[in-house]
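Please examine the sequence and the structure shown below. The paragraphs that follow lead through selected residues and their surroundings.

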Amino acid sequence: MEYDYLLSLCVILLSTKFFGIISRRAQMPQVVGSLMAGLFFGPAVLGVITKEFFGQQICLMPSPLIKHLAELGVIVIMFTAGMETNLNELKSSGKSGFTVASCGVILPLCMGTGLMYLFDSEINLPSALFVGAVLTATSVSITVETLKEICKLQTQAGNIILAAALIDDILGLICLTLVTGMASGEINLFFVLVKIIAFFIFVGIAGLTYHVYMLWFDKVNGEKNLRRYPVIGFAFCMFIAWAAERLFGVADIIGAFAAGMIISMSPKGDYIAGKFDTISYLLLTPVFFANIGLEVTLQSMSWWLIFFTAVLVFVSVISKLAGCGLGARMCGISRHESFQIGLGMVCRGEVALIVANKGLAMHMIDEKYIGPIIIMVIICTIVTPIFLKNAFKDRETV
């Protein structure tokens, strides 16, 4: 039996806390420290893959268990975000969120495609579009955790960012379907749209069923706060997240967020939400953020690729900042809040890497571009929480 995962968990928990304290003292969000801990102990910096202690090879890289805990971590983050979200405010942000998400997909797609034509004269349109599709992805989990940490998730800008990021995932799925279809000669956009609509119908039916059941269950138990309520709520979250991914092709984090909103409107919603702070802070959230850094591997690059990487990072930041900021301004949002919204959408993450790996598997993205894409994701992941915290801090001092 393998026991190295115990050492991995020990290193992850201690290092994320240590780097988190350093980040907080440096006036940065603690999530930055967790990300840096993963990078520091991963192959990208120290290259700590295996070490020999007392005659045994000890593996510090994530085991399958660590990876599954990381996946569970992002689901819990979005689940708790859903439980803390005011549904009425999110509804009021829906139109603005759609506009922000649309602009935040179109501009990065166009700028990313243009960048590839500028640097690679031999590239074809589907390949260039695939890199553009990588830039459309937004990692909502990191932005959500940052906004929760600075207590800005329930502001107008926070609600618009949340709505836009969730819509961005759906638009990104449609964009990826179109690009993949162009590469393979098949476009099943209608089928994708039908599955997305079916998912929301499914969520509505499941939510109504859960609400009715919890009203009856609460009445039977005399309205007591029992530990079975968080268990039922979390099981419901896992089921909706599984159904979203496996049955409807929608990201599991959207299912988890939807489950959180459903539970927030049901009996014992506040009680259930309060029970997830400990497990999220103690284990799942640190593992998720550290695992992002632990998964990063970089190859040696030429000076030309280094220059391309710098331009790619610049384009990835500007395209989201300008696109989402412009979308917010079109909805009558103030300049400063539009800037905050644009910053909140800059962060990339696992979605961008999944799209890049899919492009690599389909031979639509040259292997030499994977390193620059990974570096772009890392930089966007680290700088977004820092800039976002400063943007909200500046607003408080105005």
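T384 is placed in helix α17, residues 370-397; helices are DSSP runs of H or I with at least four residues, numbered from the N terminus. The model is predicted, so local features need pLDDT of at least 70 and side-chain atom pairs count only at pLDDT 80 or more, while totals for chains, interfaces and linings use all residues. Residues are numbered from 1 along each chain as its sequence is written, and side-chain values use heavy atoms, with hydrogens and water left out.

With a relative accessible area of 3%, T384 is buried (buried means under 20%, exposed over 50%, and partly exposed in between, with a 1.4 Å probe and protein chains only). The side chain of T384 reaches the backbone oxygen of C380 at 2.6 Å. A polar atom of that side chain also lies 3.4 Å from the backbone nitrogen of C347.

The structure holds one salt bridge, defined as a side-chain nitrogen of Lys or Arg within 4 Å of a carboxyl oxygen of Asp or Glu. The partners are D168 and K320, whose closest N and O atoms are 2.8 Å apart. Because D168 lies in helix α8 (residues 156-184) and K320 in helix α14 (residues 303-330), the pair ties together parts that are 152 residues apart in sequence. D168 is buried, with a relative accessible area of 1%, and K320 is buried, at 0%.

What is the relative accessible area of I197? I197, found in helix α9 (residues 189-220), is exposed, with a value of 53%.

Note on methods: Helix = DSSP H or I, 4+ residues; strand = E, 2+ residues; numbered from the N terminus. Polar contact = N/O pair within 3.5 Å; in protein donor to acceptor, adjacent residues only side chain to side chain.
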